[in-house]
Number of protein chains: 2
Amino acid sequence: MALAARLGQCRAMTDKQINPDWVAVDAGADGLRAWAMQGGRAVAQVQQAGSNARDLTADGLRPALQDLTAGWQFGSKTPVVICGPLEGSAAALRAVPCTPLGESLPRASDAASPLYPVPGLRQKSPADVMQGGETRIAGFLALNPGWDGVICLTGPHSIWAEVSAGEVVSFQSFMSGELAALLRQHSTLRPALAQATIDMADFGAAVSDSLSRPERLAARLLAIRSGHLSGSAAEGAALAQLNGLLIGAELAAARPYWLGQNLALIGAPEQTRLYAAALEAQGAPATVAEAARMALAGLTAAYRLTEG
Amino acid sequence: MALAARLGQCRAMTDKQINPDWVAVDAGADGLRAWAMQGGRAVAQVQQAGSNARDLTADGLRPALQDLTAGWQFGSKTPVVICGPLEGSAAALRAVPCTPLGESLPRASDAASPLYPVPGLRQKSPADVMQGGETRIAGFLALNPGWDGVICLTGPHSIWAEVSAGEVVSFQSFMSGELAALLRQHSTLRPALAQATIDMADFGAAVSDSLSRPERLAARLLAIRSGHLSGSAAEGAALAQLNGLLIGAELAAARPYWLGQNLALIGAPEQTRLYAAALEAQGAPATVAEAARMALAGLTAAYRLTEG
């Protein structure tokens, strides 16, 4: 895989020589992020947007990382701890209820170099899977010891997870974020959604509407186009409606997860601010945490559990 | 537009010389269909799948038609009656409640040759538009004089229309069909949906589930992937669930349109059979009619209303 060719964004915190004693990697839905680590401290960070971690195999990861982190001095003996859906890692899923990271983190048996994939979590009924979310949750719990409540991990697939006494008890995934992206990129709504602004008043109205009549989603989404064609929609209204309708319907279905619960949102700021506003309007304020920061904290906690 | 190059499917009913005295055209969401007409009788038919009628302009239509209907003998004086979203025709929308075709059909003022676009219908509140559906409804009413009830036009955008005393009273559009296509073609569910079979028992279960909990759509759709990844889903289950969940949610929102009503479904057979099964299971049997046949009958009725 020509990772370098697909390089979307690449930043280093420093130009000094970088000698990590281990490397932390978050293979998230929005790309690949790597940190050069010295113990518990990140000395450099590199980021590649838009890659699909599902293409990565255990042995393909290290050359890909070498490409991505060109200035870093690390060899085949340097441990790599990675979270997210690495190919083949589905087998290693752990069943809830369980702690997000388990007791120890075994080395991948199929990799020539020391690679430590953090196992994802699975739920039997309703059947569900998270891969990467467990590490963000672990990071959040490392930074907020003893925290109990419900964590919503936003993203293309958002996950509502019930956390109690340090364990993930149950969770449920929604594809609202992916639906929003599909509709913006590929649907007949595309011309209406070619804007960057989200009007927060319109967003709030759409959330409230969708929360009370979630079944009308496929009709209300189409009405975005009618509003656009008739020229009656203001700038920022269409994107506000798209997000509001999808998040509103998600809140309607996830009600048992947020009603009267202690809440935290983990995600990218542009998404968590929408979920936070929607929940706030329902009288359910949430703590907001940044996904990358939680992933780093979780990977650091996972590193401490590595074996051998 | 290189219509010939995009030719998907082309059939003539006969090899004899074809001399239409007028041409009927249905610019539907699934392609372009044209009939060589002698009075009320279709003597030949040609069809092009996958074209997007929204690209067609009044003056671009005739050369495109000449390409498509290579064997037909018709000139610049031959009237063409067309339904569907011809570019620029949005201005000609008629407001409901009204008869599907109006009193007379004026010639397009911006076309050099005699072209008669059937105006679509618009509804002020909730804002909605149909372009092409009015002609299918007119065809259905021509074949079923005096029929009163609710007509559901299936398609990428399905439309539920209340018909009373020969008029379209109100209607509502849903993008369920387009959502199904987006999810099959572009989403992370794509691998799970790469099948052609629909298990009707699984379909029925998904409809019923979605009708009672329509807000869970974004979670249940994602569960299709979990079922596929775990290998627990049987052949035909995933596509059945996709369609069942979307149609179930649509039925939940369209309930006032079908509950206790006299019902007709107009569409492509593979879609109407799903809607018919879903409605039947709710104790709401529907008459089923084929979209192309209704369009032809409607265009014939429209031709009788042409002016000049």
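In the predicted model described here, the buried residues of helix α3(A) pack against β11, α5 (217-229), α6 and α8 (269-281) of chain A, together with α3 and α5 of chain B. Helix α3 of chain A covers residues 176-186, and its buried residues are S176(A), G177(A), E178(A), L179(A), A180(A), L182(A) and L183(A). One of these, A180(A), is in contact with N243(A), a residue that also touches I198(A), F203(A) and L274(A) when its neighbours within four places in sequence are left aside. N243(A) belongs to helix α6 of chain A, which spans residues 237-253, and its relative accessibility of 16% places it among the buried residues, for which the limit is under 20%.

Strand β11 of chain A, one of the elements against which the buried residues of α3(A) pack, comprises residues 167-174; six of its eight residues are buried, so the strand is largely enclosed by the rest of the structure. Its partner is strand β10 of chain A (residues 158-164), which runs antiparallel to β11(A) and is joined to it by seven bridges. Within this pairing, I159(A) is found opposite S173(A) of β11(A). The two strands form a hairpin with two residues between them, where A165(A) adopts a positive phi near 50°.

The contact between the two chains involves 30 residues of chain B and 31 residues of chain A. About 2600 Å² of area is buried between chain B and chain A, and carbon and sulfur atoms account for 66% of this area. On the side of chain B, the residues that lose the most area to chain A are M175(B), E215(B) and L222(B), which together make up 20% of what that side buries. Six residue pairs are in polar contact between the chains, counting pairs in which both residues are at pLDDT 80 or more, whereas the number of salt bridges between chain B and chain A is zero. At least two residues of the side of chain B that touches chain A come from each of β11 (167-174), α3 (176-186), α5 (217-229) and α6 (237-253) of chain B. The greatest contribution to this side is that of α5(B), with seven residues. When sorted by class, the side of chain B that touches chain A consists of 16 nonpolar, eight polar and six charged residues.

Although salt bridges are absent between chain B and chain A, six are found over all chains in a search of the whole structure. In chain A, the side chains of R136(A) and D26(A) form one such bridge, with an N to O distance of 3.0 Å. This pair links distant parts of the chain, since R136(A) lies in helix α2 (residues 133-143) and D26(A) in strand β1 (residues 22-28) of chain A, 110 residues apart. Both partners are buried, R136(A) having a relative accessibility of 13% and D26(A) one of 5%.

In chain B, D26(B) forms a salt bridge with R136(B), and the closest N and O atoms are again given as 3.0 Å apart. Here too the pair joins distant parts of the chain, with D26(B) in strand β1 (residues 22-28) and R136(B) in helix α2 of chain B, 110 residues apart. R136(B) counts as buried at 14% relative accessibility, and D26(B) is also buried. Apart from neighbours within four places in sequence, the contacts of R136(B) are D26(B), G28(B), L153(B), I266(B), A291(B), M294(B) and A295(B). The helix that carries R136(B), α2 of chain B, has nine of its eleven residues buried, so it is largely enclosed by the rest of the structure.

A further salt bridge connects the side chains of E215(B) and R213(B) at 2.8 Å, N to O. In this pair E215(B) is buried, with a relative accessible area of 13%, while R213(B) is partly exposed at 38%.

Elsewhere in chain B, N262(B) occupies the loop between α7 (255-258) and β12 (263-267) and is partly exposed, with a relative accessible area of 41%. Not counting residues up to four places away in sequence, N262(B) touches W147(B), D148(B), G149(B) and V150(B), and its side chain reaches the backbone oxygen of D148(B) at 2.8 Å. The C-alpha atoms of N262(B) and I151(B) are separated by 8.5 Å, although these residues are 111 residues apart along the chain.

Terms used
Residues numbered from 1 in each chain as written. Chains lettered and ligands numbered in written order. Predicted model: local features only at pLDDT ≥ 70, side-chain atom pairs only at ≥ 80, totals over all residues. Heavy atoms only, no water. Contact = heavy atoms within 4.5 Å. Buried area = accessible area lost by both parts, 1.4 Å probe. Salt bridge = Lys/Arg side-chain N within 4 Å of Asp/Glu carboxyl O. Polar contact = N/O pair within 3.5 Å; in protein donor to acceptor, adjacent residues only side chain to side chain. Helix = DSSP H or I, 4+ residues; strand = E, 2+ residues; numbered from the N terminus. Nonpolar A, V, L, I, M, F, W, Y, C, P; charged D, E, K, R; others polar. Buried < 20%, exposed > 50% of the residue type's maximum accessible area, 1.4 Å probe, protein only. Pairing = 2+ DSSP bridges.
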